[in-house]
Amino acid sequence: MANVNLVKERYIWRLPVRIYHWINAILVSILFLTGLYFASPLFSAPQGGEATWYHGMAWLRYIHLSSAYLFFANFIFRMYWALFGGDKYARFGGFKPWKFKWWGKPFKEQMASYLFLTSKEPHYMGHNPVAAIMYFIFVLCGSIIMIITGFALYSENNPGGFLAVLFGWVIPLVGSSYNLHSIHHLTAWLFPVFFITHIYAVVRHDIVDRTSVTSSMITGYKVELEE
Amino acid sequence: MSKRIVVDPITRIEGHLRIEAVLDENNVIKDAYSSGTMWRGLELILKGRDPRDAWAFTQRICGVCTTVHALTSVRCVEDAIGAQIPPNARIIRNLIDVTQHTQDHLVHFYHLHALDWVDVVSALSADPKETSRIAQSLSAWPKSSPGYFKELQTRLTKFVESGQLGIFSNAYWGHKAYKLPAEVNLIAVAHYLEALDFQKEIVKIHAVFGGKNPHPNYTIGGMTCAIDPNSDNAINIQQLNMVKKIIDDTATFIDQVYIPDLIAIAGYYKGWLHGEGLGNYLSYGNFPQTADPASGLWPSGAILGKDLATIHEIDLADMGQVQEEIARSWYTYSKGDQAALHPWEGETNPKYVGPDLPYEYLDTDHKYSWLKAPRWKGNPMEVGPLARVLLQYAKQEPMIVDTVNGVLGALDVGPEALFSTLGRTAARGIECKQTAGFMSKFYNQLIDNIKAGDYQVFNNDLWDPERWPKECKGFGYTEAPRGALAHWIHIKDKKILDYQIVVPSTWNASPRDGKGQPGAYEAALANTPMEDPEQPLEVLRTIHSFDPCLACASHIMDMNGNEITTVKIV
Amino acid sequence: MKKIETFAGVFKARGVERRDFLKFCSLISVSLGLAPALVPRIVHAMEHKPRIPVLWLHGLECTCCTESFIRSSHPIAADMILNMISLDYDDTLNAAAGHQFEEIRKQIMEEYKGKYILAVEGNAPLKDNGVYCMVGGQSFTSMLKETAENAMAVISWGSCASFGCVQNAKPNPTGAVPIHKIIKNKPIVNVPGCPPIAEVMTGVITHLLTFGKLPELDRLNRPKAFYGTRIHDKCYRRPFFDAGMFVENFDDEGTRKGWCLYKMGCKGPTTYNSCSTIMWNEGTSFPIKSGHPCIGCSEPGFWDNGPFYTRLAEVPFVASDSGADKVGMYAVGAAAAGMAVHAVGTAIKKAKNDSDSNPTQEG
């Protein structure tokens with residue numbers, strides 16, 4: 001085993017990022033589970049009595065919708081932090097996937113490492129390029145799709161209302177209300193896929209790099225190692 | 001010198017039909033050609049779908065005879081998977097079906113057919129008092145006062161004088177072939193409008209049990225309209241009362257308006273007995289009284305060459321009986337165009353080889369229609385009310401024998417008059433009287449069951465496709481208002497592998513077959529003299545007497561054939 | 001003397017102010033792309049011309065729209081076609097046939113340039129030069145274009161004309177397309193439904209006659225008056241939905257108690273129509289009331305959102321029997337499996353690295 005020394009702890013994930021991360025994790029879980037239940041309700045209300053005594057689906061809907069608003073606010077907050085926060089590890093900064101150069105050496109090296117094509121394990125204090133593209137697809141794009149389709153769905157309750165004016169165009173764009181539901185539902189599955197990949201990658205890096213990446217999202221500190 | 005006339009589009013029908021006729025020097029039709037000019041390709045659309053959805057797709061074949069395809073489709077799928085439906089579901093389906101027959105016949109007589117016999121403009125010169133007298137001599141229908149006819153005539157006059165005749169524009173008013181006195185014309189126009197208003201009442205029965213009309217809902221395994229006399233959210237006595245009232249009103253309307261009008265009008269045309277046609281008749285039977293589909297109140301059978309003494313048995317599963325030919329249709333068969341294929345082995349490879357659009361005439365010496373040519377043991381057959389009435393007449397069904405004899409007696413003509421355009425129209429009226437009676441019968445059956453505590457309308461046993469056989473075939477049939485209708489299905493891995501239909505109007509409107517035998521329309525038009533070839537009223541009469549439904553006829557749903565896969569890839 | 005009933009007369013009889021009538025005339029001139037200077041001439045024409053002629057074409061269709069139309073209870077169909085409009089051309093009701101029938105259409109197109117309504121039932125097949133629907137020896141597509149040329153406005157009856165409906169379902173063998181894909185330069189009102197509710201159909205026309213303008217349309221060109229909200233949002237069974245009381249099969253207790261049909265695949269939550277308010281056949285019932293889930297027949301592409309008795313449609317391009325949840329679960333499963341394989345790979349690599357960099361440790 002290679003000899004490594006702990007050099008120093010470095011403060012990577014500042015408080016706003018950590019807060020965003022955990023709020024997001026909780027809300028996404030709530031949204032995903034309530035959403036799934038919504039699409040195929042497992043249980044029926046107790047038989048007997050009047051429908052107005054029970055509000056199971058209505059409550060669920062309330063939870064889903066209020067969580068969605070919080071999710072949106074949290075997302076906006078993170079976007080603010082990414083754009084104007086001045087946080088080296090949290091801003092978009094060098095993330096420019098539309099430029100050919102971005103897909104160059106660092107990305108290829110990291111990819112090669114993940115695919116076991118090289119024994120080298122590149123080290124990054126923030127996100128590595130492969131992780132960045134994953135976050136871009138699953139978290140950023142996923143969230144944006146969910147927010148837009150979600151608001152469009154919510155706007156259907158009140159045609160002509162504020163949200164319908166802002167998001168009503170989505171329905172003709174995707175063809176029909178049904179398609180909109182389907183897209184929202186299908187996109188939701190990005191999150192559990194991401195969840196598994198994310199947890200795995202974090203744990204793996206912890207073991208392979210020993211950078212305490214797992215606890216870093218709580219404490220904010222990563223350790224820097226030297227061979 | 002022969003000349004060729006074209007009537008396209010034929011109006012007051014469902015769908016797109018074109019008739020070309022060759023006339024001799026005396027303006028008698030020598031040869032007629034019937035062409036369906038529309039094709040929608042639903043057979044390709046149905047493949048790979050959930051068989052439980054098939055009823056909805058096939059229902060959209062036709063919105064006029066809405067419901068009959070849905071009914072046949074659920075019977076077909078249930079036959080394939082082996083599902084049984086509760087007796088209430090069978091009764092409700094029969095009730096919906098018979099309601100359809102009654103309403104459809106009424107609409108056909110007044111709105112699709114009457115104007116071939118009734119001169120609307122002539123009604124303007126009628127004497128309201130005399131009209132009232134005639135009307136009251138015909139029946140006890142209360143809307144028959146001189147004031148009523150006077151008011152109608154005034155409205156009609158105002159309408160005509162507006163110069164905008166709307167649906168009555170540019171028609172054949174004053175044509176020599178119109179024979180009714182002005183007063184009878186006025187009665188007919190009054191009843192045209194009354195029937196237009198009343199027909200919408202009859203189908204409310206569909207709304208009660210199927211949620212809406214046109215296109216009420218069905219489902220595999222029964223019906224979804226829960227019955228519970230002690231629930232405020234299911235069919236209870238209030239809705240049953242509504243059904244009962246509609247049934248009573250319908251019987252009154254048929255007895256006091258439709259039948260008397262039919263006899264009155266026919267009385268003036270009994271000299272016009274053209275349009276005999278093939279003399280071959282086919283009916284599958286309908287309105288099963290038990291779980292056995294063959295237990296229908298309407299019998300099945302075939303009549304050949306007008307021989308009522310011999311009823312031939314039919315078997316839809318027999319590969320040699322019902323077959324479709326395409327020798328003169330815009331399709332190809334992999335076994336060659338002369339082949340005759342039973343639906344189980346049928347193919348649908350559309351290939352238009354007609355003239356470039358726009359065209360003046362079709363090439364009737366070769367292929368000229370989107371309709372196939374169905375044949376029974378090689379014979380072209382006529383289907384519809386006349387076939388059913390003749391079959392019941394031959395089998396001595398008392399109600400039919402009495403009514404037919406009554407109508408023939410009132411018109412002072414012999415039974416041979418049935419084999420004509422007018423006979424077809426009369427048979428429809430006679431049958432409508434019978435179906436109005438069935439409505440009441442089925443309603444009472446339903447009430448008896450509910451009284452006995454049986455509320456079940458749905459059987460959930462085979463709802464889940466997991467419980468179906470891996471692969472199965474089935475067929476379902478009914479008698480639609482326009483005649484014999486059957487669907488065939490092949491299910492594999494819970495999906496539709498193949499689906500096919502042979503439709504009443506495909507029988508009747510079929511083009512010639514490989515042997516050159518004409519279809520029912522074509523045969524019926526032959527030898528009809530025309531007063532004025534420019535105004536093809538006689539053609540319309542005979543064609544309308546069949547009540548064409550071309551969207552049905554030309555949906556063409558058929559089995560497999562490699563071509564389908566090819567089309568799919570494209 | 002003949003008393004000719006005019007547009008202006010009809011409007012006046014229905015209590016429309018002259019101001020609104022003038023507005024209507026300018027709307028027409030705008031829709032026809034005419035210069036404002038021509039408005040007075042249109043006003044004159046409308047004041048002296050009779051009831052609005054309606055040309056009702058039938059393409060690839062099943063005539064359920066016409067059938068529904070004549071089921072209207074207020075106004076009744078007879079009143080509609082005799083007193084309110086001049087239904088000059090309709091395959092299903094016209095007395096004339098063949099060339100006499102076609103002459104009517106040509107005459108109206110000529111005499112009432114820009115002043116007739118084109119109502120279309122069904123749609124047009126574009127494949128193979130339109131041979132899948134021919135009328136009078138002409139393709140329906142060319143007939144449609146020709147008739148639309150001088151129409152004031154187009155009404156697309158039913159889901160066929162509005163969105164494509166059954167013949168447009170996959171794989172669309174005839175290349176059928178809705179009317180708005182063919183007619184681009186006219187105001188088009190989509191009145192979807194298979195068929196539309198009778199009173200909605202007559203309502204669209206009487207709205208025009210009564211208020212002197214086309215009804216306000218939503219983003220899919222449907223009149224807001226009838227397609228404003230979803231069936232689910234005004235369904236009388238909605239309390240059962242909110243309560244989570246569902247029909248689980250068509251033979252259970254919930255069916256007889258009229259519980260929510262959501263779990264039976266009801267498309268009410270994604271379907272814009274008036275079924276749950278106006279209802280069908282003079283308010284007799286509607287599908288959900290008769291215990292059947294809504295199949296969403298007024299929605300674009302509803303045939304391909306099947307199977308009808310499930311909530312989630314099959315996801316296109318993946319496989320048959322593939323609802324969103326199934327696809328999602330497979331994706332999650334694949335991700336988990338991928339990660340597991342990767343973990344094994346990592347372990348092997350790590351073991352190899354360790355032994356490479358520290359070969360003596362083992363021995």
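How many residues does the contact take from chain A and from chain C? In this predicted model, chain A gives 54 residues and chain C gives 52. The area buried between these two chains is about 4300 Å². Carbon and sulfur atoms give 61% of that area.

Next come the charged pairs. Between chain A and chain C the count is one salt bridge. Over all chains, the count comes to 45 salt bridges. Which residues form the bridge between A and C? R230(C) pairs with E156(A). Their closest N and O atoms are 3.4 Å apart. That separation meets the rule, because a side-chain nitrogen of Lys or Arg must come within 4 Å of a carboxyl oxygen of Asp or Glu. Where do the two partners lie? E156(A) sits in the loop between α4 (129–155) and α5 (162–167) of chain A. R230(C) sits in the loop between α10 (224–227) and α11 (238–243) of chain C. The pair therefore joins two chains, with a loop residue on each side.

Now turn to helix packing within chain A. Helix α1 (residues 15–39) and helix α2 (residues 56–84) of chain A have axes that come within 9 Å. They cross at roughly 150°. Angles over 145 degrees count as roughly antiparallel, so α1(A) is roughly antiparallel to α2(A). The crossing of this pair is left-handed. What classes of residue make up the contact? It has 19 nonpolar, six polar and two charged residues.

α10(B) passes α12(B) in a left-handed crossing.

Which residues make this contact? From α10(B) come P385(B), L386(B), R388(B), V389(B) and Q392(B). From α12(B) come G423(B), R424(B), A427(B), R428(B), E431(B) and Q434(B). By class, the residues of this contact divide into four nonpolar, three polar and four charged.

In chain A, α1 and α2 are roughly antiparallel, and their contact has 19 nonpolar residues.

Definitions and conventions: Residues are numbered from 1 along each chain as its sequence is written. Chains are lettered from A and ligands numbered from 1 in the order in which they are written. This is a predicted model: local features need pLDDT of at least 70, side-chain atom pairs count only at pLDDT 80 or more; totals for chains, interfaces and linings use all residues. Side-chain values use heavy atoms; hydrogens and water are left out. A crossing is left-handed if the near helix is turned anticlockwise from the far one by less than a right angle, and right-handed if clockwise. Helices (H or I, at least four residues) and strands (E, at least two) are DSSP runs, numbered from the N terminus. Contact means heavy atoms within 4.5 Å. Ala, Val, Leu, Ile, Met, Phe, Trp, Tyr, Cys and Pro count as nonpolar, Asp, Glu, Lys and Arg as charged, and the others, Gly among them, as polar. Buried area is the accessible area (1.4 Å probe) that two parts lose on being put together, summed over both. Axes are lines fitted to C-alpha atoms, for helices over the stretch in contact, and angles run from 0 to 180 degrees between N-to-C directions. Angles under 35 degrees count as roughly parallel, over 145 as roughly antiparallel, 65 to 115 as roughly perpendicular and the rest as oblique.
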